[in-house]
Amino acid sequence: MTYFRKLKSAGLLLCFVCSLTVFLSSCEQKSYEPNLNAAPGGGTVSTYKAYTLSSTDGKNIYGRVVFYKYNPSVTLVQVGLYNTTAGASYTSSVYQGKITESTATVLKPLDSISGATGEFSSNKYFTISEAGFYDKLNAYNANVKIMAGTTLVASGNIGANAAPVAQQ
């Protein structure tokens, strides 16, 4: 009986080895190169206007706000601030008129800004879904204010009230 057990074990082992050989040799392992082309309509956003945000509270918080033309119906907004405080959160909005007019009329509330990064907390860009917004930006009578609670920490005129510091 032990002869048959050995033969049975050898047969099972031979069957396992054959199955494994077939499995490993039948699978082609092709290495695919990454597709680095952008999908239609995707890619780099390169049309922009940047405006300066100057410190207003003596803590030297300053930076830029950049408006990117994504397409005719979508404008992306990006804020970058320096000297913000980690753990703090700052509100940001586009206000009507020049900074010196001190209007409290909010035209576009933007996202909050993280003190740890100096950028929007939830996304890299804030999206303004308004047809023609970017194209009308030069005539826009507005400013951007950054607030820490009720204290204005940085601001800058945009649109008709200031020339962009950089644009493309």
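**Figure 1. Antiparallel pairing of strands S3 and S7 in the predicted model.** Strand S3 (residues 74-82) and strand S7 pair in the antiparallel sense over four bridges; two strands pair if DSSP finds at least two bridges between them. Strands (E, at least two residues) and helices (H or I, at least four residues) are DSSP runs, numbered from the N terminus. Val-77 stands opposite Phe-126 in S7. Strand S7 spans residues 126-129 and has a covered face, Phe-126 and Ile-128, and an uncovered face, Thr-127 and Ser-129. Because this is a predicted model, local features need pLDDT of at least 70 and side-chain atom pairs count only at pLDDT 80 or more, while totals for chains, interfaces and linings use all residues. Residues are numbered from 1 along each chain as its sequence is written, and side-chain values use heavy atoms, with hydrogens and water left out.

**Figure 2. The aromatic pair of Phe-67 and Phe-133.** The structure holds seven aromatic pairs. Rings of Phe, Tyr and Trp (its six-membered ring) pair if their centres lie within 6.5 Å; planes under 30 degrees apart count as stacked, over 60 as edge-to-face and the rest as tilted. One of the pairs joins Phe-67 and Phe-133 in a tilted arrangement, with 6.2 Å centre to centre and 40° between the planes. Phe-67 lies in strand S2 (residues 62-71) and Phe-133 in the loop between S7 and strand S8 (141-148), so the pair ties together parts that are 66 residues apart in sequence. Both Phe-67 and Phe-133 are buried, where buried means under 20% relative accessible area, exposed over 50%, and partly exposed in between (1.4 Å probe, protein chains only). Tyr-51, Phe-67, Phe-133 and Tyr-140 form one aromatic cluster.

**Figure 3. Lysine charges over tyrosine rings.** A charge sits over a ring if NZ of Lys or CZ of Arg is within 6 Å of the ring centre and within 35 degrees of the ring normal. Lys-49 lies over the face of Tyr-134, at 4.9 Å from the ring centre. The charged end of Lys-145 sits over the ring of Tyr-95, 4.6 Å from its centre.

**Figure 4. The two salt bridges of the structure.** A salt bridge is a side-chain nitrogen of Lys or Arg within 4 Å of a carboxyl oxygen of Asp or Glu, and a search of the whole structure finds two. In one, the side chains of Lys-69 and Asp-135 meet at 3.0 Å, N to O. Lys-69 lies in strand S2 and Asp-135 in the loop between S7 and S8, so this pair ties together parts that are 66 residues apart in sequence. Lys-69 is partly exposed at 26% relative accessible area, and Asp-135 is partly exposed at 48%. Lys-108 forms a salt bridge with Glu-130, the closest N and O atoms being 2.6 Å apart. Since Lys-108 lies in strand S5 (residues 106-109) and Glu-130 in the loop between S7 and S8, this pair ties together parts that are 22 residues apart in sequence. Lys-108 is buried, with a relative accessible area of 17%, whereas Glu-130 is partly exposed at 28%.

**Figure 5. Surroundings of Ser-93, Asn-143 and Ile-146.** Ser-93 lies in strand S4 (residues 89-96) and counts as buried at 11% relative accessibility. Contact means heavy atoms within 4.5 Å; leaving aside neighbours within four places in sequence, Ser-93 is in contact with residues including Val-106, Lys-108, Asn-143 and Lys-145. Asn-143 belongs to strand S8 and is buried, with a relative accessible area of 0%. A polar atom of the Asn-143 side chain lies 2.8 Å from the backbone oxygen of Gly-97. Ile-146, also placed in strand S8, is buried with a relative accessible area of 0%. The C-alpha atoms of Ile-146 and Ser-93 are separated by 6.9 Å, although the two residues are 53 residues apart along the chain. Beyond four places in sequence, the contacts of Ile-146 include Leu-53, Leu-81, Tyr-90 and Ile-113.

**Figure 6. Positive phi at Asn-60 and Asn-83.** Most residues other than glycine have a negative phi. Asn-60, which is not a glycine, has a positive phi of about 60°; Asn-60 is placed in the loop between strand S1 (48-55) and S2 and is partly exposed at 43% relative accessibility. Asn-83 has a positive phi of about 65° and lies in the loop between S3 and S4. Asn-83 is partly exposed, with a relative accessible area of 43%.

Methods:
Polar contact = N/O pair within 3.5 Å; in protein donor to acceptor, adjacent residues only side chain to side chain.
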